[in-house]
Amino acid sequence: MKKYTDLSDIQELSQLITEVKHCKENPFQDKNIGKNKTLVMLFFNESLRTRLSTEKAAKNLGMYVISLQINNAWNLEFEDGKVMHLANSEHVKEAARVISQYADIIAIRAFPLLKDKQKDESEIIINNFVKYASVPILNLESATAHPLQALADALTLQEHTTKKKPKVVLSWAPHPKALPHAVANSFVKIMQKSEVDFVITNPKGYDLNSEITKDTTVLHDQQEALKDADFVYTKNWSSYESYGKILGSHTTWMLTKEKLQKAKFMHCLPVRRNVVVEDAVLDSDASLVINQANNRTYAAQAVLKQLLKTPKNE
Ligand code: CP
């Protein structure tokens, strides 16, 4: 694997999930595979799980890890041909090549600004690092994708299903802030590749990018969608059509124990209690959120293993 910026970089999903399981069963089996190799993690935004689980995964493989909160470094310019007389002090062309000399893998978290759909969808940060770095790039959540989260979620589902083809519902939830589409997009993509009966439910005006949802059923009636669900993955995202906007409070879309019925509950975290989902769900045995967060380590470990097999260009 030359990079892991989107689920499309996976050649064989079931094989990779099996590898994630192996990493979980025996985390130190490959403790020398990353010996004398360095993971550099660049954070343009905040993180709890991604930062800690990816660092733990890299260390399980024997790697050194360097994390940089990028707002403590020089402001980067990404536009080609720019006259750099304003705030940005360093171009990604130099930065990516410099960091490549210190790193064997560069991992990047870079959320969208949710102002300009076209700009966000161009994935300017991740794609410029892919273009100018000479080492593999790992996506720690970008404007449109959170592929490590999706991999951890797919394993969590497999671990907790008792059915060959469970019903999985991705249910939009209210939130006071405008949030990106990345987690939802990647969850949709991985469910489309999985043996599940998959339904998305959201209020009108919140349909995800139809190029991603494709022929997946989208219902605007949450009650209808949740009927007979085995897993309910709850997540907020801002409007895609009215890009980055919050269209109303929609508080009745909060997930309750009553709505969940016998299903298992999933969320990528962090989650706002009693806004997105009520305490009674999170505090019940139906909640898989801690399991999902645990699986983040092994998803990252399996992917790092694949990336470590790619030789350095320079
Ligand atoms: N789920 C997730 O990516 O968590 P963090 O934002 O804390 O990394």
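1. A residue is called buried when its relative accessible area is under 20%, exposed when it is over 50%, and partly exposed in between, with a 1.4 Å probe and protein chains only. T251 counts as exposed because its relative accessibility is 57%. T251 is placed in the loop between β10 (231-235) and α10 (257-260); here helices (H or I, at least four residues) and strands (E, at least two) are DSSP runs, numbered from the N terminus. From C-alpha to C-alpha, T251 and V275 are 7.4 Å apart in space, and 24 residues separate them in sequence.

2. The model is a predicted one, in which local features need pLDDT of at least 70 and side-chain atom pairs count only at pLDDT 80 or more, whereas totals for chains, interfaces and linings use all residues. Residues are numbered from 1 along each chain as its sequence is written, and side-chain values use heavy atoms, with hydrogens and water left out.

3. The residues around the ligand are S47, L48, R49, T50, R109, H146, Q149, C268, L269 and R296; a residue is near a molecule or strand if one of its heavy atoms lies within 4 Å of it. By class, this shell holds three nonpolar, four polar and three charged residues. In that scheme Ala, Val, Leu, Ile, Met, Phe, Trp, Tyr, Cys and Pro count as nonpolar, Asp, Glu, Lys and Arg as charged, and the others, Gly among them, as polar.

4. The ligand lies between domain 1 (7-145 + 296-308) and domain 2 (147-293), because both domains give residues to the shell around it. The domain bounds come from an automatic or database domain assignment.

5. An N or O atom in the side chain of R49 is 2.9 Å from an oxygen atom of the ligand. For T50, a polar side-chain atom lies 2.6 Å from a ligand oxygen atom. The side chain of Q149 has a polar atom 3.0 Å from a nitrogen atom of the ligand. Of the 250 Å² of accessible area that the ligand has on its own, the protein covers 93%; accessible areas come from the Shrake-Rupley method with a 1.4 Å probe, and for residues only the protein chains shown count as cover.

6. Strand β5 (residues 105-109) is largely enclosed by the rest of the structure, because five of its five residues are buried. I105, A107 and R109 are on one side of β5, with I106 and I108 on the other, and all are buried. R109 is also one of the residues around the ligand.

7. Strand β1 (residues 38-43) pairs with β5 in the parallel sense over five bridges, where two strands pair if DSSP finds at least two bridges between them. F43 has R109 as its bridge partner in β5. Strand β6 (residues 137-139) runs parallel to β5, joined to it by three bridges, and the partner of I108 in β6 is N139.

8. Strand β7 (residues 167-172) and β8 pair in the parallel sense, over five bridges. Six of the six residues of β7 are buried, so β7 is largely enclosed by the rest of the structure. K167, V169 and S171 point one way from β7, while V168, L170 and W172 point the other way. In a regular strand the side chains alternate between the two faces of the sheet.

9. Strand β8 (residues 197-201) is mostly covered, with four of its five residues buried. Within β8, T201 is the bridge partner of S171, and I200 is that of L170.

10. Some backbone geometry deserves a check. Most residues other than glycine have a negative phi, and most peptide bonds are trans. The peptide bond from L269 to P270 is cis, with omega near 0°, and P270 is in the loop between β11 (264-266) and α11 (279-282). L269 is among the residues around the ligand.

11. E123 is not a glycine, yet its phi is positive, at about 45°. E123 lies in the loop between α4 (117-121) and α5 (124-132), and counts as buried because its relative accessible area is 11%.

12. K214, also not a glycine, has a positive phi of about 50°. K214 counts as exposed, at 60% relative accessibility. D215 lies in the loop between α8 (210-213) and β9 (217-219), and K214 is in the loop between α8 and β9 too. D215 is exposed, at 73% relative accessibility.

Technical notes. A polar contact is a pair of N or O atoms within 3.5 Å; within protein, one must be able to donate a hydrogen and the other to accept it, and residues adjacent in sequence count only if both atoms are side-chain atoms.
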